Amino acid sequence: MRAWTSPDLPSLDDLGPAPAVRIHDSASRGLFTTPVPRSQVGGHPEGSSPDAARMYVCGITPYDATHLGHAATYVAFDLLNRAWRAAGHEVRYVQNVTDVDDPLLERAAATGTDWVELAERETELFRADMTALRVIAPDEYVGAVESIPLVVELVHQLRERGFVYDVDGDLYFSVHADPRFGSVSGYDEARMTELFGERGGDPERRGKKHPLDCLLWQAERPGEPAWDSELGRGRPGWHVECSAIALHHLGEAFDVQGGGSDLVFPHHEMSAAEAQAAFDGLTFARAYVHAGMVGYEGEKMSKSKGNLVLVSRLREDGVDPMAIRLALLRHHYRSDWEWTDGDLTRAETWLADWRTAVTRPSGAATAEVVRAVRAALADDLDAPRATEAVRRWSVATNEGADTSEPGAGEVIRRLVDASLGIAL
Ligand code: ZN
C-alpha cells in the first residue's frame, strides 16, 4: 500500500549526536533503551552502517477520519522516530492499515457505501492529515487485505504446532500456548476477560476452550468479503494481522511495538502471544510503548461516543497544522488529557513567537537550547519540556537578548523542524 510523502528533514550533523533514547515500556514498567549504534562507539570501523532501530505502530481501521487522539499517537511515535535518528540510528518503521474488519464493514453497510471505497477514501484522508502534520511516513505501509497470505502462513504454523482449534468453522488461538501470555499488559485474568469483552473480543462464545482465546480466521459470513485459503474461505482476525505483518517486515525482537493505550490489551497482548507461540524462543517486540487517550468534553475521544475533533475539520477551518502539532506536543505522550480550544490558541501564540524569533539576524545563545531539547526528547519523549526550552529561547530573543550569535535563528529553526517536526 502506498504511504504518504515524508517531510524533508534538515541535517543536524553539525550539532553532533543526540543522547540515546530511553522510552517507557508498558510490559516491564521501566525504561527501554535501544543500544546506541555501534558506529558511534569508539573504535568501530568508519563507514559501517548503524544498527537500525525497528518500530511497528498499529495503524487505523479506515472507517472514519483522523481525530486528535489518533494524531497524538502518531505524532508521539514520530517523535521517537526523530529522536532515534538524532541519536544516529537508521530507523525501520512499519505501520498497517486494518482495511478489512468488523467496524469498517458495519459502517459501510450502515451508510450504504462499498467497503473498499470507504477504506480507500478514509485512508487517503489519513495520508493527507499525516502529511499536513509532518509525520515521517513508514517505510512499509501495509494493508490487511494485501497481507492475507502472510496471515494464512502464520495461522498454518500455529496449527502445525497444535495451538489452533475450530468453532463452527472459525479458527481460534489457544492464548495460553504462549507461556508469556499476560506479560505485555500485566493484567490478571479477571481484568483481561472484562477488557476482552469491551474491546471486540468474545469471551462468552460457546464452544471456545478458554474465554480469552482469540479469533485467527473468521469463516465467510453472508454478504461479507472473504478470501479462499487453505484455512477455508474467510478473512483474518485483527490481532494476527499485526503479528504477521510485523514479523514479515521487521523480523523478530524488533525494538518497539506501539499504539494507543487501549491497545495494550487485548491487541498487543494477543499479537505478541500469537507470534511467540508460532516459533520456539521467539520474542515479538522488545518494548511495548503506549500513548495516552485524548478526551473532549469530559469523555475519551472516540468514534462510538461521537465526540471527535477531526484534524481534517480543523485544517478546513484554516488552522495551521503546525499549531495543531504544537498543541499536541504540549502534553506528554503517555498522559491522558482533554483537548480544549485553549490548547490551540496557546499553541498559535507560541508558534507566532517562535517564527518571529527565528527571523531575527541574531538571538539568544543556542547551545543550551539544543542540549535541553535533545535531552528532554531522549528522556521518554518529554515534548512539553523540549517545547518549553524553545519557548524560553524565543522569549529571550524577542525581548532583545543578543549574544551576537549569527545564525542563531537558523539553528533553532533546524532543531525545531528535525526534532519536533514543526516547520517555522
Ligand atoms: Zn496492530
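Guide: Gladly! This is a predicted model, and of the 424 residues of the protein chain, 56% count as buried.

Visitor: What makes a residue count as buried or exposed here?

Guide: The cut-offs are under 20% relative accessible area for buried and over 50% for exposed. Take Ala367, which lies in helix α11 (residues 367-378). Its relative accessibility is 57%, and that is over 50%, so Ala367 counts as exposed. Between the C-alpha atoms of Ala367 and His331 there are 25 Å, with the two residues 36 apart along the chain.

Visitor: What makes a group of residues a nonpolar core?

Guide: The members must be buried residues of the nonpolar kinds listed for a core, such as Leu, Ile and Trp, joined through side-chain atoms within 4.5 Å. The largest core here has 78 residues, and Leu68, Leu80, Leu328, Trp339 and Ile422 touch the most other members. Helix α1 (residues 68-86) gives the largest share of this core, 11 residues. A second core of 45 residues is separate, and it includes Phe196, Trp217, Val240 and Cys242. In soluble globular proteins, nonpolar side chains tend to be buried together.

Visitor: Which residues is Leu328 in contact with, leaving aside its neighbours within four places in sequence?

Guide: They are Leu68, Ala71, Ala72, Val75, Trp337 and Trp339. Across the protein chain, 78% of the contacts between residues at least 6 apart in sequence join residues at least 24 apart.

Visitor: Why are β13 and β14 said to stand at the edges of their sheet?

Guide: The open sheet has three strands in the order β13-β12-β14, with mixed pairing. Strands β13 (299-300) and β14 (337-339) each have a single partner strand, so one side of each is left without a neighbour in the sheet.

Visitor: How do you know that β12 and β14 pair?

Guide: Pairing takes at least two bridges. Three bridges join β12 (residues 294-296) to β14, so the two strands pair, and they run parallel. One of the bridges links Gly295 with its partner in β14, Glu338.

Definitions and conventions: Residues numbered from 1 in each chain as written. Predicted model: local features only at pLDDT ≥ 70, side-chain atom pairs only at ≥ 80, totals over all residues. Heavy atoms only, no water. Buried < 20%, exposed > 50% of the residue type's maximum accessible area, 1.4 Å probe, protein only. Helix = DSSP H or I, 4+ residues; strand = E, 2+ residues; numbered from the N terminus. Contact = heavy atoms within 4.5 Å.
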